[in-house]
Amino acid sequence: MQTILEALRAVLGEPNFYDAGSGYSGSWDYGLMIEYFVGALILCIVVSSVFRIVALLFKRKN
């Protein structure tokens, strides 16, 4: 069974913010970091909206 984090990584991909490829000191990719967090935020908003819509549908039937 997948955990929530594994499911998010399957949708968003693996976060590779740190590039240690060249030389002694690596660098952070802030653009990729912002893109990943914005994608995660949008995904959370969509999932919560779907649950809210389903809850409203069941609430009206009672």
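**Exercise 1.** Work out which residues Tyr36 touches, not counting residues up to four places away in sequence.

*Solution.* Start with the ground rules: this is a predicted model, where local features need pLDDT of at least 70, side-chain atom pairs count only at pLDDT 80 or more, and totals for chains, interfaces and linings use all residues. Residues are numbered from 1 along each chain as its sequence is written, and side-chain values use heavy atoms, with hydrogens and water left out.

Step 1: look for contacts, meaning heavy atoms within 4.5 Å. Leaving out residues up to four places away in sequence, Tyr36 touches Arg9, Leu12, Gly13, Pro15 and Phe17.
Step 2: Tyr36 and Pro15 are 21 residues apart along the chain, with 7.3 Å between their C-alpha atoms.
Step 3: check the cover. Tyr36 has a relative accessible area of 17%, so it is buried (buried is under 20%, exposed over 50%, partly exposed in between; 1.4 Å probe, protein chains only).

**Exercise 2.** Count the aromatic pairs and describe the one between Phe17 and Tyr36.

*Solution.* Step 1: apply the rule. Rings of Phe, Tyr and Trp (its six-membered ring) pair if their centres lie within 6.5 Å; planes under 30 degrees apart are stacked, over 60 edge-to-face, the rest tilted.
Step 1: look at Phe17 and Tyr36, whose ring centres are 5.5 Å apart with 75° between the planes, making the pair edge-to-face. This pair links distant parts of the chain, 19 residues apart: Phe17 sits in the loop between helix 1 (4–12) and strand 1 (18–19), and Tyr36 in helix 2.
Step 2: Phe17, Tyr36 and Phe37 make up one aromatic cluster. Phe17 is buried too, at 15% relative accessibility.

**Exercise 3.** Is Asp19 buried, partly exposed or exposed, and what does Asp19 touch?

*Solution.* Step 1: Asp19 lies in strand 1.
Step 1: its relative accessibility is 47%, so Asp19 counts as partly exposed.
Step 2: not counting residues up to four places away in sequence, Asp19 touches Gly26 and Ser27.
Step 3: for Asp19 and Asp29, 10 residues apart in sequence, the C-alpha to C-alpha distance is 7.3 Å.

**Exercise 4.** Which residues form a nonpolar patch on the surface?

*Solution.* Step 1: the patch is Ile34, Val38, Ile42, Val46, Val50, Val54 and Phe58, together about 630 Å² of accessible area.
Step 1: zoom in on one member. Phe58 is in helix 2 (residues 30–61) and is exposed, with 55% relative accessible area.

**Exercise 5.** Where is confidence lowest and where is it highest?

*Solution.* Step 1: pLDDT is the predictor's confidence in each residue, from 0 to 100. The chain averages 81, with 89% of its residues at 70 or more.
Step 1: helix 1 has the lowest mean, 77, and helix 2 the highest, 88.

Terms used. Patch = residues over 30% accessible without salt bridge, like charges linked within 9 Å, V, L, I, M, F, W, Y side chains within 5 Å. Areas by Shrake-Rupley, 256 points an atom, 1.4 Å probe, with all protein chains shown as cover. Salt bridge = Lys/Arg side-chain N within 4 Å of Asp/Glu carboxyl O. Helix = DSSP H or I, 4+ residues; strand = E, 2+ residues; numbered from the N terminus.
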